[in-house]
Amino acid sequence: MLKPASLNKTWFRRLLFSYVTIFLFIVPLLMFVLLMAFSDLSRRTAVESNKIFTKQVLQSLDNQMQLIDNTITNEAASDELILNFFNPAMREDRYYSGYLSSLKVNSLMSTMPLIESIYLYRMSDDTVQTPYSVSKLAAFNDKQPIVDALQQPGLNDLWTDVREGYTEQGAKVPFVSLVRYVPLNSGSDGLIVVNVLLNDIARFVQTLTTDNSNHIAIDDQVGSPIYRDGHAYDSNASLKTELRSDYSGWVISSDMANSNIFRLVSAISTYWVIACCLFFVVGVVWIVLLSRRNYKPVKTIIDRIQLFSQQKSAELFRENHQNEFMFIDSALLNLMEQSNVYRKQHEEDLVFRRKHFFFEWLEWNTPMQHEEWQHEMDSLGLPYDFTALCVSVLEINKYSAFTAHYSHHDQNLLKFVLSSVAKEVASSRNVALWCEWTSTEQVALLYQIQEASLAAGSTPEEIIVEIANEMLQWVQNHLDFHISLGIGTGVDRIELVHDSYAEALEALQYKPSLGAESVIGYWQITPVSKRQSLDLLEYIRVIASSFRTDEVAWQDSFARLFEGIRAGLYARKELDNLMSYLIFFMHKEFMELPTDVQQLWSGGLQAKLQETVNDWDSLDELQMTLSLDLAEVARSVLHLRELSSNYALVRNIKAYMEEHYGNPDLSLLHLSEVFHVNMKSISRIFKEEIGVNFIDCLTRIRIEQAKELLAHSEHSIQEITAKIGYLHPNTFIRSFKKLAGKTPGDYRKEIQASPSNVFY
């Protein structure tokens with residue numbers, strides 16, 4: 001009895017020590033691989049952090065340079081102090097205009113610390129004015145950017161590359177410069193040159209970096225260095241991030257200070273992965289060998305069991321000969337079950353392959369020869385003969401309402417119904433259809449048109465339009481939701497199907513202009529058929545300005561805005577941009593009003609308008625909802641203004657100005673005598689309550705009246721000047737051009753030449 005117990009214990013020890021040794025050998029290696037994986041994750045996190053940091057630095061620098069660009073451009077276009085320096089009409093008063101322009105330049109430099117110097121160059125007398133001196137171009141020491149700008153064919157380029165220039169004191173330093181022409185559209189009067197020192201850019205960048213964890217380098221478009229942070233910059237660093245500015249074209253590069261550590265860890269991890277793979281192979285071989293060795297006793301037992309089974313089966317067959325057929329029947333049943341499983345799996349794979357091939361074909365991600373395409377279609381059980389191919393895209397309108405009204409199960413059922421109806425309608429016209437849902441709300445329909453369908457002389461597009469109209473009518477009659485269809489042009493080659501699909505998608509973008517619940521062909525939106533209104537932005541500016549000046553003119557301009565939209569042909573993206581411009585201009589106007597009105601706008605009114613312009617499906621819906629929102633904005637602002645003690649006075653003064661605008665003596669002094677209020681108080685409360693000063697408000701009223709007279713009367717410019725309260729036509733013309741962007745004569749010609757103000 002003792003000997004068998006000893007043998008069992010020996011067998012247990014052999015198995016235990018064999019596999020425990022392997023366990024102790026492999027597990028530490030796997031743990032080390034896990035540590036290396038964590039190290040790699042840390043590296044990727046560091047790379048992403050470095051990329052985000054670099055992008056923030058580039059964006060901050062772009063914002064500063066764009067601020068300078070926008071400010072100089074606006075001043076060159078609208079500031080009278082600077083424009084008077086270039087104005088030939090101010091020749092007799094050069095000294096005074098030059099003095100005022102130099103004060104304005106100094107003011108600009110003080111508000112934007114990055115600017116080192118600003119030059120004004122006047123072409124009429126070849127004069128260069130700096131903040132502290134006036135000289136001729138030939139004697140000016142930093143004349144190179146002016147000479148280059150005068151020789152180049154284009155206007156108003158972005159920032160120059162790094163150049164060597166001279167300061168006011170004559171020191172030679174590196175600059176980047178911005179040149180803006182006056183006027184901006186022609187440059188016939190002169191130019192403005194703005195210089196920014198590289199040292200100032202460096203100081204600005206250093207304010208954005210609080211530690212030495214990153215090494216930054218900035219180069220211009222040709223590779224000249226703009227900034228280096230003083231550390232040894234490694235262009236081959238493993239964590240290096242390099243971005244190019246969409247605005248200036250400058251390239252910023254950044255790498256982390258400890259990138260070499262990550263490189264070392266990466267190299268170590270690579271070698272250790274190889275070593276672990278080798279150890280893994282050794283472990284597998286070890287297990288196999290030990291298993292074979294330790295399996296011998298078990299194999300002996302199995303052989304004995306098999307011998308016993310064969311002997312027992314022979315006895316059974318002798319007793320009952322039908323047992324053999326029972327074994328055969330059982331084997332056949334097993335094979336049939338396996339066959340059914342394989343068939344179902346094949347059908348599921350075929351559906352997936354069809355959908356995948358459909359998307360690859362539409363997107364043309366993998367170009368293929370016609371023979372390859374034909375073979376693939378044949379293997380998928382699909383027809384491949386065609387005379388023409390055409391793609392349309394069906395879209396469910398107001399998909400958010402569709403998902404809110406139907407359950408997920410019902411949504412899938414209705415989508416299946418749409419696909420089935422599309423196939424049935426196409427089949428009734430002997431057109432093969434392949435359809436797949438490309439997104440939750442869109443299904444792509446690929447039509448394969450045969451020669452027989454084109455026998456009557458119809459084009460592929462005409463056939464698809466008829467099918468689409470029949471589908472649209474069926475949905476209107478039988479379903480509770482609506483659809484729209486975009487149709488691309490027919491093609492005769494498989495590689496052009498991608499173009500037809502892109503055209504169908506683009507056609508759907510014009511659904512707001514052409515109307516929801518419609519069939520839109522790509523040929524309807526070609527450049528020849530597109531129409532766009534000229535004055536939509538002007539209407540938007542008037543709407544925004546009306547809210548600031550407390551006028552009801554926004555309603556008329558709002559109606560004209562949508563009349564102009566309906567008279568044109570606009571894609572959804574273009575209309576979204578127009579609505580974004582409306583909110584932008586309103587925000588700009590509200591920021592000129594008192595603080596309580598600004599808080600009312602920022603506290604909810606702006607967000608509600610943004611929500612409206614983000615979620616709409618038709619022009620009628622957008623116009624109605626936006627009109628209600630704007631009316632609510634007007635009521636809220638009016639209620640807040642009525643709480644102010646000065647608001648009633650401002651309204652009375654403004655009403656008086658609108659009635660007596662033709663009085664040339666209308667001034668703050670005159671209003672002070674009429675309303676018995678101090679002249680300075682009138683100016684102050686005017687600015688506080690409606691965001692504009694007295695002169696600008698009076699000028700706006702007079703110019704609006706001048707527009708009416710120019711459009712609906714035959715009065716001369718001289719007569720209109722007197723009627724609206726100006727003493728000199730030149731003053732009237734200058735004020736009109738500043739507000740309307742054109743002279744009174746040009747405005748009258750444009751109104752008379754194009755009363756509807758629409759072009760085709």
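Trainee: Where does pLDDT stay under 50, and how many contacts beyond four places in sequence does the model have there?

Mentor: This is a predicted model, and over residues 315-325 pLDDT stays under 50, with 4 contacts beyond four places in sequence for that stretch. Residues 755-760 also stay under 50, and for them the model has 10 such contacts. Where pLDDT is low, the predicted coordinates should not be read in detail.

Trainee: And what is the mean pLDDT of the protein?

Mentor: The mean is 77, and 78% of the residues reach 70 or more.

Trainee: Switching to strand 12, is it mostly covered or mostly open?

Mentor: Strand 12, which spans residues 431-437, is mostly covered, since 6 of its 7 residues are buried.

Trainee: What about the surface, which residues make a nonpolar patch?

Mentor: Leu34, Leu35, Phe38 and Leu41 make a nonpolar surface patch of about 400 Å², and Phe38 has its place in helix 1, which covers residues 2-78.

Trainee: How many helices and strands does the protein have?

Mentor: The secondary structure comes to 25 helices and 17 strands, and buried residues make up 39% of the 760 residues. Among contacts between residues at least 6 apart in sequence, 63% join residues at least 24 apart.

Key: Residues are numbered from 1 along each chain as its sequence is written. This is a predicted model: local features need pLDDT of at least 70, side-chain atom pairs count only at pLDDT 80 or more; totals for chains, interfaces and linings use all residues. Side-chain values use heavy atoms; hydrogens and water are left out. pLDDT is the predictor's confidence in each residue, from 0 to 100. Contact means heavy atoms within 4.5 Å. Buried means under 20% relative accessible area, exposed over 50%, partly exposed in between (1.4 Å probe, protein chains only). Helices (H or I, at least four residues) and strands (E, at least two) are DSSP runs, numbered from the N terminus. Patches are made of residues with over 30% relative accessible area and no salt bridge: like charges are joined within 9 Å, nonpolar side chains (Val, Leu, Ile, Met, Phe, Trp, Tyr) within 5 Å. Accessible areas come from the Shrake-Rupley method with a 1.4 Å probe; for residues, only the protein chains shown count as cover. A salt bridge is a side-chain nitrogen of Lys or Arg within 4 Å of a carboxyl oxygen of Asp or Glu.
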